[in-house]
Amino acid sequence: MAKKMKTMDGNCAAAHCAYAFSEVASIYPITPSSTMAEYVDEWSAKGQKNIFGQTVDVCEMQSEAGAAGAVHGSLQGGALTTTFTASQGLLLMIPNMYKMAGELLPAVFHVSARAIAAHALSIFGDHQDVMACRQTGFAMLASGSVQEVMDLGGIAHLAAIRGRVPFLHFFDGFRTSHEIQKIEVMDYADLAKLVDYKALKEFKDRALNPEHPVLRGTAQNPDVYFQGREAANKFYDAIPDIVNDYMQEISKITGREYKPFNYYGAPDAEEIIVAMGSVCEAIEETVDYLNARGKKVGVVKVHLYRPFSAKYFFDVMPATVKKIAVLDRTKEPGAPGEPLYLDICNLFYGKENAPVIVGGRYGLGSKDTTPTHIASVFESLAAAEPKNGFTISICDDVTNLSLPSRDTINAAPEGTTRCKFWGFGSDGTVGANKDAIKIIGDNTDLYAQAYFDYDSKKSGGVTMSHLRFGKKPIKSTYLLDEADYIACHKPSYVYQYDVLEGLKKGGTFLLNCVWSPEELEDRLPGHMKRYLAENDIQFYTINAVKIASEIGLGGRINMVTQAAFFKLSEVIPLDQAVPLLKDAIGRN
């Protein structure tokens with residue numbers, strides 16, 4: 001059967017899996033998880049069927065606590081139920097999460113992991129929220145890319161049904177939830193074959209029903225409460241094998257190898273990084289780059305974070321490893337180390353010839369983490385005494401914990417075309433680029449990736465769209481540092497930002513402005529003119545505002561500049577691109 005490829009973001013991939021296995025979705029919106037619920041609500045309104053031939057019943061509550069309570073009640077009523085949340089929204093669900101886990105209900109939460117408001121609020125991604133849930137009794141499954149969200153999202157539902165332990169499936173907010181990639185879509189018919197229908201019937205039979213009443217939600221005294229807590233042990237002991245079994249089934253369908261822990265790198269590596277989430281993709285790029293230059297390094301990617309299985313970790317870790325750096329995307333002030341680091345240390349407690357283990361923090365609040373920063377971790381590991389408790393990608397001049405970054409390295413595969421678009425929040429640039437990357441992904445044999453960098457003002461703020469496409473899979477889970485094509489859709493930015501930063505020699509620059517060619521000499525800053533001349537930049541201008549006004553688009557210049565992009569980039573012949581652009585407009 002031909003593989004179905006489609007260009008989508010991580011939230012859409014998670015919603016695809018959640019819709020397949022859910023009878024009820026109880027929702028309350030919070031950035032960056034909201035679009036998961038929006039997709040499910042839209043599909044339900046259109047009458048789309050899940051794998052059981054039903055339309056998902058969607059209920060929007062008035063708070064996250066209400067949504068969690070509705071999930072709990074729905075599960076007690078015998079309905080497979082899901083929700084979507086992040087950050088403070090997830091924290092408000094914690095009391096109900098304890099109940100769902102304690103009562104062995106197969107809930108599945110899909111979480112676009114996000115920072116927690118501490119000294120300041122941040123709507124951007126890290127693992128602070130999910131790490132605050134690791135004590136609830138939920139199993140925790142991590143995905144590191146849009147493709148992994150599609151492949152592993154269903155495993156959370158399948159394993160929850162068979163194992164009776166609720167699952168939290170998480171992936172990085174914005175970096176994965178909003179990153180658009182061309183991926184292979186899981187077919188509902190394939191997923192339906194994997195359901196443990198005997199376990200599903202048993203769940204339905206346990207539902208609250210006036211025909212066979214039972215007592216639940218009791219209060220217990222010291223004589224039995226402790227024993228009741230311990231009685232769940234066997235269910236948690238079984239989860240790693242259940243998850244591994246389903247991973248093997250998914251691997252058979254997709255051809256992509258999944259395990260509770262996956263290893264990537266030199267089989268005889270001496271230095272490795274352990275991490276989870278989107279950074280693993282960038283680490284893989286860096287491992288390839290360093291190993292091609294004589295190093296022996298690798299990465300262990302954590303998928304099943306809870307229950308944490310020593311057996312499956314040691315199954316994949318090379319026996320040659322002498323030093324390990326553990327990267328955590330969270331901060332736990334006052335602790336002897338961050339959670340994943342302490343978990344790895346615990347694995348080696350009391351073992352002879354244990355490797356040196358150090359931990360560090362990265363990526364809080366979506367701080368960009370590049371191969372250059374990751375290379376600095378491997379460089380520190382190679383030292384006689386690797387630094388512990390370090391940070392990367394920031395300059396810590398207060399407590400001096402940050403590792404120094406050396407020369408910038410470009411670890412992306414050759415042949416990848418990279419484009420950056422400077423826009424103004426609400427001018428349509430981001431929306432047009434979403435259309436553009438989907439057109440490229442769905443109508444060519446190229447792999448495609450898009451990520452949109454904007455501040456929390458959204459409308460009215462500066463936006464930067466980062467697009468990549470090429471013949472090889474794209475693992476670059478970080479912002480562009482080099483570009484083949486840059487477009488600036490707001491002329492005042494030439495005075496405010498270094499819009500040409502990273503544009504490679506011989507690259508293309510498009511400036512939307514009202515200036516005539518003669519006026520450019522006076523209007524452009526001197527450093528820009530020098531960069532254009534010294535780097536043989538192909539420089540074009542367009543008066544998109546005038547064109548948009550003349551054809552009735554008002555201030556929406558996005559389709560004008562998008563047509564210019566297809567003309568100049570030549571990724572798709574213009575005569576093919578124009579009808580596809582028109583189709584995209586019609587769908588929107």
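## A helix across a six-stranded sheet

Helix 15 (residues 371-381) lies across strand 10 (271-275), strand 11 (297-302), strand 13 (323-328), strand 14 and strand 15. The helix runs at about 130° to strand 10. The model is predicted.

Six strands form an open sheet in the order 9-11-10-13-14-15. Their pairing is mixed. Strand 9 (261-265) and strand 15 (390-391) stand at the edges. Each has a single partner strand, so one side of each is left without a neighbour in the sheet. Strands of a sheet pair through backbone hydrogen bonds, either parallel or antiparallel.

How do strand 14 and strand 15 pair? Strand 14 (residues 356-361) meets strand 15 in the parallel sense, over two bridges. Glycine 360 has phenylalanine 390, in strand 15, as its bridge partner.

Now the whole chain. Its secondary structure comes to 22 helices and 21 strands. The radius of gyration is 25 Å, close to the 25 Å that the globule rule gives for 588 residues, so the protein chain is as compact as a globular protein of that length. Further values for the protein chain follow.

| Property of the protein chain | Value |
|---|---|
| Span of the C-alpha trace along its principal axes | about 90 × 60 × 50 Å |
| Buried share of the 588 residues | 56% |
| Accessible surface | about 24900 Å² |
| Share of the accessible surface belonging to carbon and sulfur atoms | 52% |

Contacts also reach along the sequence. Among contacts with a separation of 6 or more, 77% join residues 24 or more positions apart.

Conventions
Residues numbered from 1 in each chain as written. Predicted model: local features only at pLDDT ≥ 70, side-chain atom pairs only at ≥ 80, totals over all residues. Heavy atoms only, no water. Pairing = 2+ DSSP bridges. Helix = DSSP H or I, 4+ residues; strand = E, 2+ residues; numbered from the N terminus. Contact = heavy atoms within 4.5 Å. Axes fitted to C-alpha atoms, helices over the stretch in contact; angles between N-to-C directions. Rg over C-alpha atoms; globule rule 2.2 N^0.38 Å. Buried < 20%, exposed > 50% of the residue type's maximum accessible area, 1.4 Å probe, protein only. Areas by Shrake-Rupley, 256 points an atom, 1.4 Å probe, with all protein chains shown as cover.
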